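Dear colleague,

Please find the structure below, followed by an account of what was found in it. I would be grateful if you could read the notes alongside the model.

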Amino acid sequence: MRAIEILLVEDNEGDILLTTEALEECTVANHLNVVRNGKEALNYLYKVGRYSDSILPDLILLDINLPLKSGHEVLSVIKADKGLMHIPVIMLTTSSSEADISKSYNQGANCYIVKPLNAEEFTTVVSSIDNFWFSTCAFPIMKPE
């Protein structure tokens, strides 16, 4: 079985480090790609510029509060595109706002997780992503049209 391709869209270096460390402990092999703003996320997904050789992710971890394009803007583009809409998107953010939660699900987010402030709890949350999304869920196999 090939490694699960994950795209992390996150601008906070501390959260990138915590997510990277937690995913390294996952039971399922994964390959993490990190972009630091919404514009880079779309460039990665559409293979623009330095991302011309990017691999379409199996799962996207998307923060809401991003520079250049917000997580909501990125999510909206992903879920409106027939070539991308199949990719599960987990909103992984500090916002516990009911408006952000509702908007994310209305835009097609597959899951919404509020980042814990404690590093140990953060690792537990990322481990739960491993347990559910990588070990329990089946991912679609997309073939080029």
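A polar contact is a pair of N or O atoms within 3.5 Å; within protein, one must be able to donate a hydrogen and the other to accept it, and residues adjacent in sequence count only if both atoms are side-chain atoms. Helices (H or I, at least four residues) and strands (E, at least two) are DSSP runs, numbered from the N terminus.

This is a predicted model, in which local features need pLDDT of at least 70 and side-chain atom pairs count only at pLDDT 80 or more, while totals for chains, interfaces and linings use all residues. Residues are numbered from 1 along each chain as its sequence is written, and side-chain values use heavy atoms, with hydrogens and water left out.

Helix α2 and its ends

At the start of α2, a side-chain oxygen of Asn37 comes to within 3.0 Å of the backbone nitrogen of Lys39. Six of the eight residues of α2 are buried (under 20% relative accessible area, with exposed meaning over 50% and partly exposed in between; 1.4 Å probe, protein chains only), so the helix is largely enclosed by the rest of the structure. These buried residues are Gly38, Glu40, Ala41, Leu42, Tyr44 and Leu45. They pack against β1 (4-9), β2, β3 and α3 (71-80).

Just after α2, Lys47 takes a positive phi of about 60°. Most residues other than glycine have a negative phi. Lys47 belongs to the loop between α2 and β3 and is partly exposed, with a relative accessible area of 41%.

Val48 is found in that loop between α2 (38-45) and β3 (59-62) as well, and its relative accessibility of 39% makes it partly exposed. Together with Tyr46 and Val77, Val48 makes a nonpolar surface patch of about 220 Å². Accessible areas come from the Shrake-Rupley method with a 1.4 Å probe, and for residues only the protein chains shown count as cover.

Two buried polar residues

Asn33 lies in strand β2 (residues 30-35) and is buried, with a relative accessible area of 18%. Its side chain forms a polar contact of 3.2 Å with that of Glu5. Not counting residues up to four places away in sequence, Asn33 touches (heavy atoms within 4.5 Å) Glu5, Ile6, Leu7, Leu8 and Tyr44.

Asp63, in the loop between β3 and α3, is also buried, at a relative accessible area of 5%. The side chains of Asp63 and Thr93 are joined by a polar contact of 3.0 Å. Beyond its neighbours within four places in sequence, Asp63 is in contact with residues including Val9, Asp11, Gly71, Leu92 and Lys115.

Leu68 and helix α3

Leu68 lies in the loop between β3 and α3. Leu68 has a positive phi of about 70° although it is not a glycine, and it is exposed, with a relative accessible area of 65%.

In α3, the buried residues are Gly71, His72, Val74, Leu75, Ile78 and Lys79. Seen down the axis of α3, they fall within an arc of 160° (taken from the directions from the helix axis to the C-beta atoms), so they line one face of the helix. Their cover includes α2, β3, β4 (89-93) and α4 (98-106).

With kind regards

Methods
Patches are made of residues with over 30% relative accessible area and no salt bridge: like charges are joined within 9 Å, nonpolar side chains (Val, Leu, Ile, Met, Phe, Trp, Tyr) within 5 Å. A salt bridge is a side-chain nitrogen of Lys or Arg within 4 Å of a carboxyl oxygen of Asp or Glu.
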